[in-house]
Amino acid sequence: MVTRAVESPSNGFDTRWRKAKALAERELPTTEDTEDFGRALADELQAGDMVILDGPLGAGKTALTRGIAAGLGVRGRVTSPTFIIAREHKAGERSGHAPVPMVHVDAYRLGTGPRALDELDALDLDTDLDSAVVVVEWGEGLVEHLTARYLMVRMRREPESDVRTVTWEWVG
Ligand SMILES: Nc1ncnc2c1ncn2[C@@H]1O[C@H](COP(=O)(O)OP(=O)(O)O)[C@@H](O)[C@H]1O
Ligand SMILES: [Mg+2]
(Lines give C-alpha, C1' and ligand atoms only; values in the text may rest on other atoms or scores of the structure.)
(Ligands and ions follow the chains in the order given, each with its own letter.)
Protein backbone atom coordinates (compact mmCIF):
# COMPACT_ATOMS: atom_id res chain seq x y z
CA MET A 1 0.00 0.00 0.00
CA VAL A 2 1.33 3.44 -0.84
CA THR A 3 0.33 6.34 1.33
CA ARG A 4 0.29 9.67 -0.39
CA ALA A 5 -1.03 12.04 2.24
CA VAL A 6 -2.32 11.22 5.67
CA GLU A 7 -3.00 13.69 8.40
CA SER A 8 -0.53 12.02 10.75
CA PRO A 9 2.61 11.87 8.65
CA SER A 10 4.69 9.64 10.89
CA ASN A 11 2.48 6.59 11.30
CA GLY A 12 0.21 6.66 8.30
CA PHE A 13 -2.96 4.70 8.89
CA ASP A 14 -3.66 4.26 12.58
CA THR A 15 -6.46 4.96 15.00
CA ARG A 16 -5.62 8.63 15.22
CA TRP A 17 -7.19 9.37 11.86
CA ARG A 18 -10.59 8.65 13.31
CA LYS A 19 -10.18 11.09 16.13
CA ALA A 20 -8.66 13.70 13.88
CA LYS A 21 -11.63 13.41 11.50
CA ALA A 22 -9.35 14.72 8.80
CA LEU A 23 -9.74 13.73 5.18
CA ALA A 24 -7.14 11.09 4.51
CA GLU A 25 -6.01 9.81 1.13
CA ARG A 26 -4.19 6.70 0.01
CA GLU A 27 -3.16 4.99 -3.20
CA LEU A 28 -4.19 1.38 -3.69
CA PRO A 29 -2.13 -0.15 -6.52
CA THR A 30 -3.74 -3.61 -6.60
CA THR A 31 -7.02 -5.33 -5.75
CA GLU A 32 -5.24 -6.95 -2.84
CA ASP A 33 -4.19 -3.55 -1.49
CA THR A 34 -7.81 -2.43 -1.66
CA GLU A 35 -8.93 -5.52 0.26
CA ASP A 36 -6.17 -4.97 2.82
CA PHE A 37 -7.32 -1.39 3.26
CA GLY A 38 -10.86 -2.67 3.87
CA ARG A 39 -9.48 -5.04 6.48
CA ALA A 40 -7.75 -2.14 8.23
CA LEU A 41 -10.95 -0.08 8.15
CA ALA A 42 -12.87 -2.97 9.70
CA ASP A 43 -10.73 -2.71 12.77
CA GLU A 44 -12.36 0.67 13.48
CA LEU A 45 -15.92 -0.49 12.91
CA GLN A 46 -18.52 -1.67 15.37
CA ALA A 47 -22.25 -2.34 15.44
CA GLY A 48 -24.13 0.79 14.47
CA ASP A 49 -21.49 2.12 12.12
CA MET A 50 -22.34 2.91 8.53
CA VAL A 51 -19.87 3.12 5.66
CA ILE A 52 -20.90 4.89 2.45
CA LEU A 53 -18.87 3.99 -0.64
CA ASP A 54 -18.74 6.34 -3.59
CA GLY A 55 -16.99 5.90 -6.92
CA PRO A 56 -17.72 4.87 -10.51
CA LEU A 57 -18.42 1.30 -11.64
CA GLY A 58 -15.28 -0.76 -11.31
CA ALA A 59 -13.67 1.60 -8.82
CA GLY A 60 -13.32 -1.20 -6.30
CA LYS A 61 -16.20 -0.57 -3.89
CA THR A 62 -17.13 -4.24 -3.78
CA ALA A 63 -13.46 -5.25 -3.45
CA LEU A 64 -13.17 -2.88 -0.50
CA THR A 65 -16.35 -4.33 1.00
CA ARG A 66 -14.81 -7.80 0.65
CA GLY A 67 -11.88 -6.58 2.75
CA ILE A 68 -14.17 -5.07 5.36
CA ALA A 69 -16.04 -8.38 5.52
CA ALA A 70 -12.78 -10.29 5.95
CA GLY A 71 -11.70 -7.91 8.70
CA LEU A 72 -15.03 -8.26 10.49
CA GLY A 73 -14.85 -12.03 10.03
CA VAL A 74 -18.42 -12.25 8.75
CA ARG A 75 -19.78 -15.27 6.89
CA GLY A 76 -20.52 -15.67 3.21
CA ARG A 77 -18.93 -14.39 0.04
CA VAL A 78 -19.23 -10.73 -0.80
CA THR A 79 -20.36 -10.29 -4.40
CA SER A 80 -21.85 -7.58 -6.56
CA PRO A 81 -25.51 -8.32 -6.11
CA THR A 82 -27.35 -8.41 -9.41
CA PHE A 83 -30.91 -8.69 -8.17
CA ILE A 84 -30.54 -8.39 -4.44
CA ILE A 85 -30.12 -4.89 -3.10
CA ALA A 86 -29.08 -5.80 0.44
CA ARG A 87 -27.39 -8.91 1.74
CA GLU A 88 -26.80 -9.76 5.36
CA HIS A 89 -23.60 -11.53 6.32
CA LYS A 90 -23.89 -13.21 9.69
CA ALA A 91 -21.33 -12.56 12.39
CA GLY A 92 -18.38 -14.94 12.54
CA GLU A 93 -15.09 -15.07 14.38
CA ARG A 94 -13.54 -11.68 14.96
CA SER A 95 -10.21 -11.45 16.69
CA GLY A 96 -9.91 -8.78 19.35
CA HIS A 97 -13.44 -7.46 18.89
CA ALA A 98 -17.03 -8.45 19.55
CA PRO A 99 -18.43 -10.39 16.56
CA VAL A 100 -20.73 -8.28 14.42
CA PRO A 101 -22.87 -8.96 11.33
CA MET A 102 -22.47 -6.88 8.19
CA VAL A 103 -25.20 -5.71 5.86
CA HIS A 104 -23.97 -4.99 2.33
CA VAL A 105 -26.19 -2.74 0.25
CA ASP A 106 -25.74 -1.90 -3.42
CA ALA A 107 -28.00 1.05 -4.04
CA TYR A 108 -27.02 1.33 -7.72
CA ARG A 109 -30.31 -0.13 -8.89
CA LEU A 110 -32.35 1.99 -6.53
CA GLY A 111 -31.73 5.01 -8.68
CA THR A 112 -32.83 8.34 -7.29
CA GLY A 113 -36.06 10.09 -6.45
CA PRO A 114 -38.99 9.30 -4.15
CA ARG A 115 -39.37 5.70 -5.34
CA ALA A 116 -35.77 4.99 -4.36
CA LEU A 117 -36.44 6.33 -0.89
CA ASP A 118 -39.49 4.04 -0.58
CA GLU A 119 -37.48 1.02 -1.64
CA LEU A 120 -34.74 2.00 0.74
CA ASP A 121 -37.27 2.31 3.54
CA ALA A 122 -38.41 -1.24 2.86
CA LEU A 123 -34.90 -2.50 3.53
CA ASP A 124 -35.21 -1.46 7.20
CA LEU A 125 -31.59 -0.45 7.42
CA ASP A 126 -32.30 1.53 10.55
CA THR A 127 -33.05 -1.79 12.30
CA ASP A 128 -29.78 -3.23 11.01
CA LEU A 129 -27.97 -0.21 12.33
CA ASP A 130 -28.80 -1.27 15.89
CA SER A 131 -26.72 -4.38 15.61
CA ALA A 132 -24.70 -4.51 12.40
CA VAL A 133 -22.11 -2.69 10.38
CA VAL A 134 -23.89 -1.40 7.28
CA VAL A 135 -21.87 -0.84 4.09
CA VAL A 136 -23.66 0.97 1.28
CA GLU A 137 -22.29 1.20 -2.26
CA TRP A 138 -23.79 4.17 -4.12
CA GLY A 139 -25.38 5.33 -0.88
CA GLU A 140 -24.48 8.98 -1.07
CA GLY A 141 -27.55 11.19 -0.95
CA LEU A 142 -29.77 8.27 0.13
CA VAL A 143 -28.79 6.90 3.50
CA GLU A 144 -27.09 9.66 5.47
CA HIS A 145 -30.27 10.43 7.40
CA LEU A 146 -30.30 6.92 8.90
CA THR A 147 -27.38 7.64 11.18
CA ALA A 148 -25.80 10.49 13.08
CA ARG A 149 -22.32 9.59 11.91
CA TYR A 150 -20.94 7.69 8.95
CA LEU A 151 -17.65 6.90 7.28
CA MET A 152 -17.58 8.42 3.80
CA VAL A 153 -15.18 6.57 1.49
CA ARG A 154 -14.54 7.77 -2.06
CA MET A 155 -12.65 5.74 -4.64
CA ARG A 156 -11.45 6.73 -8.04
CA ARG A 157 -9.54 5.02 -10.82
CA GLU A 158 -6.37 6.53 -12.11
CA PRO A 159 -6.39 6.66 -15.92
CA GLU A 160 -4.74 3.75 -17.76
CA SER A 161 -3.65 2.01 -14.60
CA ASP A 162 -4.97 -0.33 -11.92
CA VAL A 163 -4.22 2.23 -9.23
CA ARG A 164 -7.19 3.37 -7.19
CA THR A 165 -7.10 6.41 -4.97
CA VAL A 166 -9.21 6.33 -1.86
CA THR A 167 -10.17 9.15 0.48
CA TRP A 168 -12.06 8.64 3.68
CA GLU A 169 -13.45 10.66 6.54
CA TRP A 170 -15.94 10.35 9.35
CA VAL A 171 -18.85 12.71 8.82
CA GLY A 172 -21.17 13.80 11.59
N1 LIG B 1 -6.29 -1.31 -7.12
C2 LIG B 1 -7.47 -1.93 -7.29
N3 LIG B 1 -8.41 -1.86 -6.33
C4 LIG B 1 -9.62 -2.45 -6.51
N5 LIG B 1 -9.97 -3.17 -7.59
C6 LIG B 1 -9.07 -3.28 -8.57
C7 LIG B 1 -7.78 -2.67 -8.46
N8 LIG B 1 -7.10 -2.96 -9.59
C9 LIG B 1 -7.91 -3.70 -10.35
N10 LIG B 1 -9.09 -3.91 -9.76
C11 LIG B 1 -10.22 -4.66 -10.34
O12 LIG B 1 -11.27 -3.75 -10.61
C13 LIG B 1 -12.53 -4.37 -10.34
C14 LIG B 1 -13.27 -3.61 -9.26
O15 LIG B 1 -14.56 -4.12 -9.20
P16 LIG B 1 -15.57 -3.85 -8.03
O17 LIG B 1 -14.90 -3.97 -6.72
O18 LIG B 1 -16.75 -4.73 -8.28
O19 LIG B 1 -15.94 -2.30 -8.30
P20 LIG B 1 -17.26 -1.50 -7.90
O21 LIG B 1 -17.95 -2.25 -6.81
O22 LIG B 1 -16.76 -0.15 -7.48
O23 LIG B 1 -18.08 -1.40 -9.15
C24 LIG B 1 -12.23 -5.81 -9.92
O25 LIG B 1 -12.28 -6.64 -11.03
C26 LIG B 1 -10.81 -5.68 -9.39
O27 LIG B 1 -10.09 -6.90 -9.44
MG1 LIG C 1 -19.91 -2.93 -6.56
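**His145 counts as exposed because 9 other C-beta atoms lie within 10 Å.** The cut-offs behind this word are that a residue is buried if 20 or more other C-beta atoms lie within 10 Å of its own, exposed if 12 or fewer, and partly exposed in between, with the C-beta atoms placed from the backbone. The model shown here and in the views that follow is predicted, so that local features need pLDDT of at least 70 and side-chain atom pairs count only at pLDDT 80 or more, whereas totals for chains, interfaces and linings use all residues. Residues are numbered from 1 along each chain as its sequence is written, while chains are lettered from A and ligands numbered from 1 in the order in which they are written. His145 belongs to the loop between strand S6 (133–137) and S7, and its C-alpha atom is 9.7 Å from that of Asp126, a residue 19 positions away in sequence.

**The protein chain as a whole contains 5 helices and 8 strands.** These elements are DSSP runs numbered from the N terminus, a helix being a run of H or I with at least four residues and a strand a run of E with at least two. Followed along the sequence, they come in the pattern β-α-β-α-β-α-β-β-α-α-β-β-β. Of the 172 residues in the chain, 35% count as buried.

**Ligand 1 is surrounded by 19 residues.** The closest of these are Thr34, Gly60, Lys61, Thr62 and Ala63, and a residue is taken as near a molecule or strand if its C-beta atom, placed from the backbone, lies within 6 Å of it. Helix H2 (31–42) and helix H3 (61–72) each contribute at least two residues to this shell. Sorted by class, the shell holds 6 nonpolar, 8 polar and 5 charged residues, with Ala, Val, Leu, Ile, Met, Phe, Trp, Tyr, Cys and Pro counted as nonpolar, Asp, Glu, Lys and Arg as charged, and the others, Gly among them, as polar.

**H2 and H3 pack against each other at an angle of about 45°, with their axes 6 Å apart.** The axes are lines fitted to C-alpha atoms, for helices over the stretch in contact, and angles run from 0 to 180 degrees between N-to-C directions. The two helices are therefore oblique to each other, since angles under 35 degrees count as roughly parallel, over 145 as roughly antiparallel, 65 to 115 as roughly perpendicular and the rest as oblique. On the H2 side the contact includes Thr31, Thr34, Glu35 and Phe37, and on the H3 side it includes Ala63, Leu64, Ile68 and Leu72. The residues of this contact divide into 8 nonpolar, 6 polar and 4 charged.

**Val100 and Ala98 both lie in the loop between S4 and S5.** Val100 counts as buried because it has 22 C-beta neighbours inside 10 Å, whereas Ala98 is exposed because 8 other C-beta atoms lie within 10 Å. Leaving aside residues up to four places away in sequence, Val100 touches Gln46, Ala47, Leu72, Ala91, Arg94, Ala132 and Val133. From C-alpha to C-alpha, Val100 is 6.9 Å from Leu72, although the two are 28 residues apart in sequence. Ala98, for its part, is 8.1 Å from Gln46 by C-alpha atoms, across 52 residues of sequence.

**Ala24 is found in strand S2 (residues 24–28).** Ala24 counts as buried because it has 20 C-beta neighbours inside 10 Å. The C-alpha atoms of Ala24 and Val153 are 9.7 Å apart, although 129 residues separate the pair in sequence.

**Asp124 and Glu160 each have a positive phi although neither is a glycine.** Asp124, with phi near 55°, is placed in the loop between helix H4 (114–122) and helix H5 (125–131), and it counts as exposed because it has 11 C-beta neighbours inside 10 Å. Glu160, with phi near 50°, sits in the loop between strand S7 (150–157) and strand S8 (164–171), and it is exposed because 6 other C-beta atoms lie within 10 Å.

How values were computed. Contact = placed C-beta atoms within 7 Å.
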